[in-house]
Amino acid sequence: MNEYVFLYRGGNPPPSPEQMQQVVQKWTAWLKSLADQGYLLDRGHPLERSGKVIDGGKVITDGPFAEAKDLVGGFSLVKARDVSQAAQLALGCPILERGGQVEVRPVMKLDV
Amino acid sequence: MSGDLEHLFRREAGRIVATLTRIFGMHNLALAEDVVQEAFCRALEVWKFGGVPQNPSAWLTVTARNCALDALRRQRTADSFAPQLSYALESAAAEELFGPGEARDDLLRMMFSCCHPRLSETAQIALILHILCGFSVEEVASAFLQGAAAMEKRITRAKKLLADSRRLFDVSAPREFVTRLPVVQSALYLLFNEGYHGASADAAVHAELCAEAMRLTAALLEHPLGATPTSYALAALMCLNAARLPARLDAAGDLHALPDQDRARWDQRRIADGFRFLELSAHGTELSPYHIEAAIAALHARAPSAAGTDWAQIAALYDTLIAIRPSPIVALNRAIAIAESEGPERGLAEMGQIAGDERLRGYPFHSAALGELELRCGRRERASAHFRAALSLARNPTEQRFITQRIQACER
């Protein structure tokens, strides 16, 4: 088994409270199904939309100010046989219904 | 997520907007709405990962308060009102600002404010649904089967009127309360009716609108000035009629007329509540239309079957109702009751008196009732013609299916 990080990008919040509640329900169900099947290592966290960016000149600025669709809004850690199975798991992510993306990135192993 | 958490977001949105508007003032309704939107977006992000917390109301309250403080800090330079408001928000504990007693009064205050006499009844209900029940503009529009753009305009205009009035209704002033109360009762009654008889094809929408009307009426009954015999009568008629909803519209979205309803599916708990409220409504001297409608619903609830219903008594109650609040719909229902107690020919004769009424012109169940009575008289062709007229007026697929079945019944 290998480890993969799911990076959640973009995705518009729905316009009504009732729909927001449905989105929460869908995510809860999706993460639970990953956990129940033993794929979820860490459900991860949402990320604040902005923080600080430090550049080579050691200048600290507010940011990042990427477009909303490119911002990483959160991450999870899963395990899967290979990257294509990980991608299959990501296909169920509710963010896809709201214009968002899941980026599946294999975690490199440190043992050499 | 079910049970207690059903519609949690919607209801919490209404509660928090009402409270923030008390703190910010009515003229800052838009700011209150923005803050709630922001707080709910945060809830969405966090709860997606962590699930709904043990006490979601408290979580949302604290988050809304923090978002409100942020919003005020952003406005501070631009606006002079912000410092006092920030102080009020910062110094008081969140529980004090948003406590259950306060929340109830906030809800009522907003409800009475939405029933502004310069707003049309439709605008009042739309505002209540939007602000207090947390329906988005699109959801209000679809509940009324209207275009979203038109509804957006109507709601924006209504909100502007509220914001311009600059003050919230004072629910502790007895004279104002008593004067505005009938308008509020009427809005809640119409909200309930929209749920019960409205144009939406979705059984869930019907149940939700009725449930919201009942929830807000319950809030009214908790206020010492709101718990009048007339309010109890309103609550009684809602409970007794809503009890029939599960049998009236089934899960498949099929409509069942009263005689064909499976009475085992009537909600006995609501019926019991209805009778309790009916008893509480029997004080004082006022006989409101709600009292009579509740009495009619009570006769239906007590009857073992459609045939075993005291139709003569129901017709007599409709006589009284017509005397105090005449309307073509009431006249139509009266004619149906007369048909049940004295035969279809008598019912048709009564229907003849309201035949030309403009207000019934777009109402499919007027033609459908004519068809039903003609069919019972054995005049199949006439019946079929009425049902076809009804079909052309049907407002949604549920009504179309229902009326199509009646047309087929004429051909058997």
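Ala71(B) sits in helix α3 (residues 56-76) of chain B; helices here are DSSP runs of H or I with at least four residues, strands are runs of E with at least two, and both are numbered from the N terminus. This is a predicted model, in which local features need pLDDT of at least 70 and side-chain atom pairs count only at pLDDT 80 or more, while totals for chains, interfaces and linings use all residues. Residues are numbered from 1 along each chain as its sequence is written, and chains are lettered from A and ligands numbered from 1 in the order in which they are written.

**Around Ala71(B)**
- Ala71(B) counts as buried because 21 other C-beta atoms lie within 10 Å; the cut-offs are 20 or more for buried, 12 or fewer for exposed, and partly exposed in between, with C-beta atoms placed from the backbone.
- Leaving aside residues up to four places away in sequence, Ala71(B) touches Leu31(B), Asp34(B) and Val35(B); contact means C-beta atoms, placed from the backbone, within 7 Å.
- From Ala71(B) to Cys133(B) there are 62 residues in sequence and 23 Å in space, C-alpha to C-alpha.

**The nonpolar core**
- The largest nonpolar core has 129 residues; such a core is a set of buried Ala, Val, Leu, Ile, Met, Phe, Trp, Tyr and Cys residues joined through C-beta atoms within 7 Å.
- Helix α12 (residues 229-242) of chain B gives the most to this core, with 10 residues.
- Ile128(B) is among the residues with the most contacts inside the core, and its partners include Met111(B), Cys133(B) and Leu191(B).

**The sheet of chain A**
- Four strands form an open sheet in the order β2-β5-β1-β6 (chain A), with antiparallel pairing; strands pair if DSSP finds at least two bridges between them.
- β2 and β6 (100-106) of chain A are the edge strands, each with a single partner, so one side of each has no neighbour in the sheet.
- Between β2(A) and β5(A) there are four bridges, and Asp42(A) stands opposite Leu77(A) in β5(A).

**Where the chains meet**
- In all, 18 residues of chain A are in contact with 21 residues of chain B.
- On the chain A side, α1(A) gives the most, with nine residues.
- That side divides into eight nonpolar, eight polar and two charged residues; Ala, Val, Leu, Ile, Met, Phe, Trp, Tyr, Cys and Pro count as nonpolar, Asp, Glu, Lys and Arg as charged, and the others, Gly among them, as polar.
- Helix α2 (residues 29-50) of chain B lies across β2 and β5 of chain A.

Methods: Contact = placed C-beta atoms within 7 Å. Axes fitted to C-alpha atoms, helices over the stretch in contact; angles between N-to-C directions.
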